[in-house]
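Here is a short briefing to read with the model open beside you. Have a look at the fold, then follow the contacts topic by topic.

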Amino acid sequence: MSSTAGESAAAAPLPPKSGVRTVLQYTGIPPSWLDKRPRLPSRNWLIFLTVTSAVAGYYVYDRQQCKKIRQEYVDKVKDLATQPMGSMELPRLVTVYGAKWPGDQDYDRSMRYFRKYVKPILVAAAIDYDMVKGRRHGDIARHVADKIRKERRIMAGLDQPFTGPMPLPGSSFDEKRQRELDGGIIIVGRHTLKEFMAGLKRGWTEGLETVDREEQLSRLLESDGKFDEPEPEPTAEAPVGEGEPIPTPSRIPSSNAFSILKNPALRAPPPPKPAESVPDHLNAPPAEIPPQPPMLLASFTNYIGFTQIPLMIWDFFNERYKVAEGAEAAYRLIKGSTRPFTAPPPEVLALTSEVVSGDSPKPYQAEVTPTDLDFDREAESYYKKKVVREFLSEIESARKEYYASLAKKLEVARALSRGTREPTKEERENPPPTEVELRAERLKKELRWTADEEGWNIIRPDKGVEWDERFRNKLRVYTDPSPEQDAGSESTP
């Protein structure tokens with residue numbers, strides 16, 4: 001019986017092989033691989049696949065929403081790009097200001113935000129733009145102040161506007177001014193607003209004299225004594241050989257005279273040119289300023305530092321919020337609806353200045369309604385704490401370290417230039433800087449340090465936005481369009 005059962009079991013027919021399996025078994029694939037049955041992955045694989053697919057799905061969803069939101073606003077404004085223009089007309093021009101974020105070595109972060117989130121909507125509406133970047137703190141303030149001062153000089157008749165050999169449409173001063181008023185400006189971030197308002201106030205307050213910052217700083221540095229030669233110390237008389245003159249002070253040429261004859265570049269600079277005389281009635285700040293281009297205030301926050309890595313990750317997977325915010329800002333500028341720039345009343349500003357100067361705040365000052373001067377104040381809380389604490393102290397330490405090493409460099413440069421000692425082998429291969437080069441290097445460093453200190457005093461978190469009562473009712477801000485304007489844009493085919 002057992003043999004019969006074994007024979008019947010052995011004679012049981014095998015399941016028929018499919019055509020694919022028949023082909024694959026002759027390709028060298030092990031038969032065990034073909035006999036495997038599908039089964040659920042292990043617990044670890046299930047966790048890995050679930051997390052990976054969820055993260056990838058969230059990323060894909062976010063990028064799809066970004067494209068959808070951007071395309072929605074592009075469809076609203078693309079009809080403006082198809083409107084015909086005259087042969088002598090120019091497109092609308094918008095000026096974009098972006099300052100350097102404190103603590104970030106990449107000065108272009110603000111402009112990168114504009115190009116990624118705001119620019120696509122402006123391009124769809126055929127609006128041109130001009131970007132003004134601040135490479136260091138205070139650059140935007142100096143640029144705005146110089147620009148306003150040039151315009152004031154032209155309006156006062158002290159300078160003539162630049163005109164090429166052939167007058168072109170839009171090249172006159174009045175036409176450029178009107179195009180700037182019609183175009184508007186974009187201010188990216190609160191730090192840029194602080195610099196812009198500081199430059200605006202400085203440009204309409206300071207005099208009209210032409211100021212060369214390098215020459216002004218060089219005059220201040222001449223009197224600090226850093227390049228003065230120390231007085232020779234009197235030494236005891238030593239026996240001299242026969243025929244050698246006694247080195248009395250009258251026989252030793254002064255070092256100053258020697259240096260002048262040796263290197264003409266070290267001679268005293270020529271007397272400064274007399275300052276340009278500007279009549280008092282033109283040099284005085286105007287009692288009223290002309291209308292200014294409307295401003296688009298674009299919020300911007302830059303996350304840097306180890307402690308803000310979770311916020312960076314959140315931003316990476318939620319780009320759609322930035323896309324919507326940038327598109328809405330561009331849409332406000334394109335539609336052109338504006339409102340007056342809001343600022344606290346003068347008496348409230350006076351109380352605020354008292355608090356900043358060191359007085360204790362009053363209880364009722366916390367109840368002041370936020371204004372445009374408080375725009376994007378929350379972004380300042382994301383400044384790196386170390387930068388806020390040590391920005392000025394780092395400049396001061398760098399200045400002390402430089403001047404500590406300057407004395408030795410200056411001694412070597414003067415000794416080699418006067419031939420009082422022979423250069424070493426290393427000095428022949430790598431010549432040390434001369435006194436002229438050291439003066440130029442010092443001026444360059446002091447220009448950078450003073451500019452950084454001035455810029456930081458503008459944008460530091462405990463400093464408010466500059467304000468002048470002449471700006472009231474002269475500055476305007478772009479706001480959301482009315483429902484009628486919005487409905488008209490959507491109904492346009």
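In H4, the residues Tyr58, Tyr61, Asp62, Arg63, Gln65, Cys66, Ile69, Arg70, Tyr73, Lys76 and Val77 meet Glu319, Arg320, Val323, Ala324, Ala327, Glu328, Tyr331 and Ile334 of H13; contact means heavy atoms within 4.5 Å. Sorted by type, the residues of this contact are 11 nonpolar, 1 polar and 7 charged. Here Ala, Val, Leu, Ile, Met, Phe, Trp, Tyr, Cys and Pro count as nonpolar, Asp, Glu, Lys and Arg as charged, and the others, Gly among them, as polar.

Please keep in mind that this is a predicted model, in which local features need pLDDT of at least 70 and side-chain atom pairs count only at pLDDT 80 or more, while totals for chains, interfaces and linings use all residues. Residues are numbered from 1 along each chain as its sequence is written, and side-chain values use heavy atoms, with hydrogens and water left out.

**How H4 and H13 pack**

- The axes of H4 and H13 come within 8 Å and cross at roughly 10°, where axes are lines fitted to C-alpha atoms, for helices over the stretch in contact, and angles run from 0 to 180 degrees between N-to-C directions.
- H4 is therefore roughly parallel to H13, a label for angles under 35 degrees.
- Helices (H or I, at least four residues) and strands (E, at least two) are DSSP runs, numbered from the N terminus.

**Nonpolar cores**

- The largest nonpolar core has 34 residues, of which Ile121, Leu122 and Ile186 touch the most other members. Such a core is a set of buried Ala, Val, Leu, Ile, Met, Phe, Trp, Tyr and Cys residues joined through side-chain atoms within 4.5 Å, with buried meaning under 20% relative accessible area, exposed over 50% and partly exposed in between (1.4 Å probe, protein chains only).
- Two or more residues of this core come from each of helix H4 (43-77), strand E1 (93-98), helix H5 (109-124), strand E3 (185-188) and helix H13 (319-335).
- Beyond its neighbours within four places in sequence, Ile186 is in contact with Val94, Thr95, Val96, Tyr97, Phe114, Val118, Leu122, Leu296 and Leu333.
- A second, separate core of 25 residues includes Tyr97, Ile148, Phe196 and Phe341.

- Asp104 sits in the loop between E1 and H5 and is buried, because its relative accessible area is 8%.
- The side chain of Asp104 makes a polar contact with that of Arg109 at 3.0 Å; a polar contact is a pair of N or O atoms within 3.5 Å, and within protein one must be able to donate a hydrogen and the other to accept it, while residues adjacent in sequence count only if both atoms are side-chain atoms.
- Arg202, in helix H8 (residues 190-203), is buried at 18% relative accessible area. Leaving out residues up to four places away in sequence, Arg202 touches Ala141, Arg142, Ala145, Glu454 and Ile458.
- Tyr303 lies in the loop between strand E4 (295-298) and helix H12 (309-316) and counts as buried at 19% relative accessibility.
- Tyr303 and Tyr383 are 80 residues apart in sequence, yet 8.2 Å apart in space, C-alpha to C-alpha.

**Positive phi in loops**

- Asp376 is not a glycine but has a positive phi of about 55°; Asp376 is found between helix H14 (346-356) and helix H15 (385-418) and is buried at 16%.
- Asn473, also other than glycine, has a positive phi near 65°, and at 65% relative accessibility Asn473 counts as exposed.

Notes: Parallel < 35°, antiparallel > 145°, perpendicular 65-115°, else oblique.
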